[in-house]
Amino acid sequence: MAAVAAVLLAPLAVRLLAPISAEGAAQKQKVSSVPVTCATCHAAVVNDFAHAPMRHAMEPEGADPVLDANPDLRTEQSGYTYRIETKNGKSTYTVSNGKETLTLPLRWHFGMRAQTWVLEKDGKFYEGLVSYFPGIHGLATTPGDNKIEPHSITEAMGRELPVWETRECFECHATGMKAREVFTPEKLKPGLDCEHCHEGTEQHIADAQAGNFKTLPVSLKKMDAESVSGFCGQCHRSFDTVIRNGWHGPPFVRFAPYRLSLSRCFSGNDARISCLACHDPHQPVSHETASYDKRCLACHSGNATVAAVGTAEAAPKTCPVAKANCVSCHMQKVDLPSGNLQFTDHFIRIVKPGEAYPY
């Protein structure tokens, strides 16, 4: 950052030391009017983030790659037929029982690959009862809605969302939600931008344009595992959130911060076990199991430095079976009850074949 500051401020220093001609004044005005964005200094990170799942947590209306690639999706369940149709950049969600038909525009597309839609009808918001799953290249019941037995065309269309849940959905999938403001989804920007996670980004950009690089957003890299878990858990669900709501069972394996905190090796003040130790939020998630080995071996190796937690503790055990592809054995893959989605269980442990899902 210091080097960037020097580059940006050097021309300013020259101008301050020399008389400003009319031409120089015009040039100064031209330079100062150039907009500064995060990409001005962090081009590589911004470029990577453009392809990350969080940036595409919500796809914009009329520009949804999933529906563009699947313009006519259909399924039938519980006596109702569903159709997601895309034409000329516009998508619709239709449900019918043969006697009644309900068609609504698709405006809010949640998810980069697997995708769920939020619908609006008569001023109320609904979670579509069917979602798109890339594993089957088609539609199936939305996770969590498997027990719903619709008794009307509206109930078959989707699950009505309470106000608090609607706000939470948009707050985690879009940018621009302000606390204590009237919920207006049309004003939100699809997906997450820098400000969503790096509080103070907008002020930092404004100050940087004026040559002040002292107001830096808080660095998440300096946070310990407990703080990171709580931070990421705002959307991905923390241990406290899951316990407070009494959520149990395989459907909640997708809440990684909660599952990670159950691990014996989880230590709140050790950054080696935080979410950021394994995942760069600016990058697409790696599905290569071997890519995580060095993170595991940062603790579970003969050369690892043991972090003291309160009092001295024994060195982490080393695996007697293998020294590679650690997560293939110690982080179980779990299918959601529908069987259409699979998540990695972040409860790190010795996984025994055939054992029941641990709560």
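How accessible is C265: buried, partly exposed or exposed? At 30% relative accessibility, C265 lands in the partly exposed class; buried means under 20% relative accessible area, exposed over 50%, and partly exposed in between (1.4 Å probe, protein chains only).

This is a predicted model, where local features need pLDDT of at least 70, side-chain atom pairs count only at pLDDT 80 or more, and totals for chains, interfaces and linings use all residues. Residues are numbered from 1 along each chain as its sequence is written, and side-chain values use heavy atoms, with hydrogens and water left out.

**View 1. The one disulfide of the structure, C172 to C235.** The two sulfur atoms sit 2.4 Å apart, against a disulfide cut-off of within 2.5 Å for a pair of cysteine sulfur atoms. The link ties together distant parts of the chain, 63 residues apart: C172 in helix α7 (residues 163-173) and C235 in helix α10 (residues 225-236). Helices here are DSSP runs (H or I, at least four residues), strands likewise (E, at least two), numbered from the N terminus. C172 is buried at 17%, while C235 is partly exposed at 26%. With -95 degrees about the S-S bond, the link is left-handed.

**View 2. An open antiparallel sheet of four strands.** The order runs β2-β3-β4-β5, with β2 (72-77) and β5 (101-105) at the edges, each pairing on one side only; pairing takes at least two DSSP bridges between two strands. Five bridges join β4 (residues 90-96) to β5, and S96 stands opposite T101 in β5.
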